[in-house]
Amino acid sequence: MAWVIRYGEIGTKSESIRRLFLERLIRNIKDALKKERIPYKSIKNLWSRIIIESSDERLREVLPRIFGIKSISPAYEIRASIESMKKAALKLLQRLSPETFKIDARRVTKDFPITSIEINRIVGEHVVKELGVRVDLKRPEAVVGIEVIRDRAYVYTEKVLGPGGLPLGVEGRVLAIVTEKSDLVAAWLMMKRGCEILPVIKGDPSVISPLRPFMYGNKYDCIVVEALESKIISKLIEEFECLGICVGGYGKNVISLLSSFRDINVPVYIPDAFLPEEMYKKILNMLQTNAESPCTLEQGGRQFHTTT
């Protein structure tokens, strides 16, 4: 089985930056596969797609937790020919037995001589003839995606959304103070913008459990301190080369919150401060749900304990 990985924002960067970001994304993907003990045959960077060859169904849960990934699809990898596309589409729809369907083809590269619209028409006609199902372009029960990349085609019926954003680590490291729910949301938002985080907590390390399923590529698990004092925070910033501090501010007095860090000589980021309530709750619920997901990353990070 092939897993088609799509990215969004990375594709808007210049060629040199895009190359660096893709290298980091692939590195984070490999880190995820290693930590979750998922076997794979290959990882290929093909134009605006990354293709993983693996039969492990756990990728359906793991890949959508990697920042930089817009969506994934488990797919059949076939030779780029109309006949192969017909057979693959027919096989997928026979499994689903829908009453209506739609073919959604795209030539990622333009080597294939038949246009996307023609692929839709030819493959769709074949399915109608063989299965007797109806085409519905607006509200189909099943959508067969076909993506043509050079001499190969990838055929699928499922698209799972990822977190999007930038690959974790491309924007440097920030110290993330984590003591409550809003801190979790703020740290997640910073990771989505490409920041590696250094979680600093007072007490039980399990407080960052909701973040761990998303920390693939993150060098450190957490820092446990006796007190969240400016002297300790400043020392950690210097020691771990952090470019800023991240803290949750949803529902708080931002001015007062910022003043508590007046002795810190790096920028203070409060990304959740003015989030709409609906968006804040959506992210928080997603984090709490993923905290219950199977994940071995908790054993993969590095934990430190420091004292005053």
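Reader: Hi! So buried means under 20% relative accessible area, exposed over 50% and partly exposed in between, with a 1.4 Å probe and protein chains only; what share of the protein chain counts as buried?

Author: Hi! Of the 308 residues, 52% count as buried. This is a predicted model, in which local features need pLDDT of at least 70 and side-chain atom pairs count only at pLDDT 80 or more, while totals for chains, interfaces and linings use all residues. Residues are numbered from 1 along each chain as its sequence is written, and side-chain values use heavy atoms, with hydrogens and water left out.

Reader: Good to know. How many helices and strands are there?

Author: The protein chain has eight helices and 15 strands. Both are DSSP runs numbered from the N terminus: helices are H or I with at least four residues, strands E with at least two. The C-alpha trace spans about 75 × 35 × 35 Å along its principal axes.

Reader: And what share of contacts comes from residues 24 or more positions apart?

Author: Those account for 71% of the contacts with a separation of 6 or more. Contact here means heavy atoms within 4.5 Å.

Reader: Let's do strands. Why is strand 7 described as largely enclosed?

Author: Strand 7 covers residues 142–149, and seven of these eight residues are buried, so the rest of the structure largely encloses it.

Reader: Which way does strand 7 run against strand 5, and against strand 8?

Author: With strand 5 (residues 100–107) strand 7 runs parallel, joined by seven bridges. With strand 8 (residues 152–156) the pairing is antiparallel, over five bridges. Two strands pair if DSSP finds at least two bridges between them.

Reader: What about the hairpin of strand 7 and strand 8: how many residues lie between the strands?

Author: Two residues lie between them, and in that hairpin R150 takes a positive phi near 55°. R150 is not a glycine. With a relative accessible area of 43%, R150 is partly exposed.

Reader: Switching to helices: at what angle do helix 3 and helix 4 pack?

Author: About 50°, with the axes of helix 3 (residues 82–96) and helix 4 (residues 116–131) 9 Å apart. Axes are lines fitted to C-alpha atoms, for helices over the stretch in contact, and angles run from 0 to 180 degrees between N-to-C directions. That makes helix 3 oblique to helix 4. Angles under 35 degrees count as roughly parallel, over 145 as roughly antiparallel, 65 to 115 as roughly perpendicular and the rest as oblique.

Reader: Which residues make that contact?

Author: Helix 3 brings I82, M85, K86, A89, L90, L93 and Q94, and helix 4 brings I119, I122, V123, H126, V127, E130 and L131. They divide into 10 nonpolar, two polar and two charged. Ala, Val, Leu, Ile, Met, Phe, Trp, Tyr, Cys and Pro count as nonpolar, Asp, Glu, Lys and Arg as charged, and the others, Gly among them, as polar.

Reader: And how do helix 5 and helix 8 cross?

Author: Their axes cross at roughly 90° and come within 10 Å, helix 8 being residues 277–290. Helix 5 is thus roughly perpendicular to helix 8. From helix 5 the contact uses K181, S182, L184, V185, W188 and L189, and from helix 8 Y280, I283, L284, M286, L287 and Q288.

Reader: Last one: is A186 buried or exposed?

Author: A186 counts as buried, at 0% relative accessibility. A186 sits in helix 5 (residues 181–192). Beyond its neighbours within four places in sequence, A186 is in contact with C246, V247, G248, P271 and D272.
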